[in-house]
Amino acid sequence: MSETQLNIGVLGCGPIAQSAHFESCTKAKNARLYAICDVADDLRERMAWIHNPDKTFANYDTMLADPALDAVIIATSDAFHVDASILALQAGKHVLCEKPVATGLEETERLSAAVRDSGKIFQIGHMKRYDAGLQAAHEFIKDEMGSMVALKAWYCDSTHRYAMTDAVQPLIIASDQARKPDHNPKADLERYYMLAHGSHLVDTARYFGGEIISVNARISDKKGMYCWFVDVEFANGTLGHLDLTVAVRMDWHEGFQIYGENGSVIGKTFNPWYYKSSEVDIFRERDGASTRVLGADGHFYRRQVEGFAETILNNTPMTGADIEDGLASVQAMLAIRDSVHTGKPVQLSQAKGTL
C-alpha cells in the first residue's frame, strides 16, 4: 500500500459505478482506480477504455488475489452485496459497500461477524454523510445544540427526476452479459423504494438523532405514489417523524428540521446527481443569528472515497457509516415494514427476516 494513495478495485460496471464510483476514484486525492471487475466483457472493456484503470478482471477471485489491490468498492446489485463483501474481507481487502448493505437481518449479522473477524475497514456507501451541509448540521448538534427535542426529515423522489438526471449524468451503458439477481428488484415497488430510498432517509435520521428504538408507520399507495409516514422514537428521547414519498408531482423534495435546546437546523437537500451541497441554516439562540456553510465542494461520492482512504491510510476515525450503522438501518427498514402491515408500533430489537 502506498503511503499516500489507496489502490481501489471497483466490482461492477453498472449504473452506480458509471455515475459515481469510477469518477470518484480517478479524482480522489488519496486514492486511485487501480482495477475494475465485471463478468460482462463488452461493458468492462468499454469502461476500461473510458476510465483507464491499471488492470481489468472478468473474475472477482482473481482481482482479490492481486497483492497490489488494497480495497474494493462493491457496486453491484443489492442481492450481491453481502457475499461480495465477505469474499473481499476474507482476502484481506478493505471494503466500501454500496447501500443498502443487505436486504435482511441474518445476512447483515453474517457480514458483521466477517467484518469483526477480518480486522479490516468496512464502510457503507451512505454518501450523504459527506454532504458539507449535513456535516455542518452534525457538528452543531454534537457540539452546540444541547438536548435535541424533535427531528423531522423527508425524502421525496420526483416524477421529473429522470428529465433532470439524464441531463447531468453520463450516458449509462448496459450489457446483455451483465450478472443480474434471480428476480427483478423493481417487481415489488414497496420493497424496492424502501431499500433504494428509505435506506438514505433512515441513515440521515440516525446520523443526526442517534439510535432509533421503535417506529410506528403507515403507508399509502395511491395514484402511483408510495408514501410512508413514520413516527420515530429515538433512544435519547427525541421525537421524530419521517416522510418517504415516491414520487411527488413537483421537484425533488428532501430535507430536515431539527429543534434543540440551544438552536435549530433547517436543511434543503438536492437531487444527488447535481453534486450540490445541502443548503443548511443553523440558528443559534445565543446570538439570534443563522449561518449557512457554502459547501462549494459538493462531490460527496468523491469525498466519501477520500474519507474511506483517509481512515485506512492514516488510521483516522471513520466519518462514514460502519457495519453497526448498516445493521441498524436494516433493522429500521424491517421494523417499518412490520409496523405498516400490523398497524402497531414495532421495536427495532424485534425486527426479523428479509425485506
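**Close-up views of a predicted chain**

**Ala114 makes contact (heavy atoms within 4.5 Å) with Ile86 and Leu89, when neighbours within four places in sequence are left aside.** The model is predicted, with pLDDT of at least 70 required for local features and 80 or more for side-chain atom pairs, whereas totals for chains, interfaces and linings use all residues. Residue numbers start from 1 along each chain as its sequence is written, and side-chain values use heavy atoms, with hydrogens and water left out. Ala114 belongs to helix α5; helices (H or I, at least four residues) and strands (E, at least two) are DSSP runs numbered from the N terminus. With a relative accessible area of 15%, Ala114 is buried. The cut-offs are under 20% relative accessible area for buried, over 50% for exposed, and partly exposed in between, with a 1.4 Å probe and protein chains only. From Ala114 to Ser85 the C-alpha to C-alpha distance is 8.9 Å, across 29 residues of sequence.

**Packing of helix α5 (residues 105-118) with helix α10 (residues 323-342).** The axes lie 10 Å apart, at an angle of about 175 degrees. Axes are lines fitted to C-alpha atoms, for helices over the stretch in contact, and angles between N-to-C directions run from 0 to 180 degrees. The two helices, α5 and α10, are therefore roughly antiparallel, a class that takes angles over 145 degrees; under 35 is roughly parallel, 65 to 115 roughly perpendicular, and the rest oblique. From α5, the contact takes in Leu105, Thr108, Glu109, Leu111, Ser112 and Val115; from α10, Ile323, Glu324, Gly326, Leu327, Val330, Gln331 and Leu334. By class, the contact of α5 with α10 holds seven nonpolar, four polar and two charged residues. Nonpolar covers Ala, Val, Leu, Ile, Met, Phe, Trp, Tyr, Cys and Pro; charged covers Asp, Glu, Lys and Arg; the others, Gly among them, are polar.

**Crossing of helix α6 (residues 132-143) and helix α8 (residues 189-209).** Here the axes cross at roughly 35 degrees and come within 9 Å. Thr204, Tyr207 and Phe208 of α8 meet Leu134, Gln135, Ala137, His138 and Ile141 of α6. Five of the residues in this contact of α6 with α8 are nonpolar and three polar, with no charged residue.

His21 is buried at a relative accessible area of 1%. Apart from residues up to four places away in sequence, His21 touches Ile16, Ile73, Ala75, Glu98, Tyr301 and Gln304.

With neighbours within four places in sequence left aside, the contacts of Thr311 are Ile121, Thr316, Pro317 and Met318.

**Cis peptide bonds at Lys99 to Pro100 and at Val246 to Ala247.** Most peptide bonds are trans. For the bond from Lys99 to Pro100, omega is near -10 degrees, and Pro100 sits in the loop between β5 (94-97) and α5. For the bond joining Val246 and Ala247, omega is about 0 degrees, and Ala247 is part of strand β10 (residues 239-248).

**Positive phi at Asn52 and Tyr275.** Most residues other than glycine have a negative phi. Asn52, with phi near 55 degrees, is in the loop between α2 (41-51) and β3 (55-57) and is exposed at 62% relative accessibility. Tyr275, with phi near 50 degrees, is in the loop between β12 (263-269) and β13 (279-284) and is partly exposed, with a relative accessible area of 22%.
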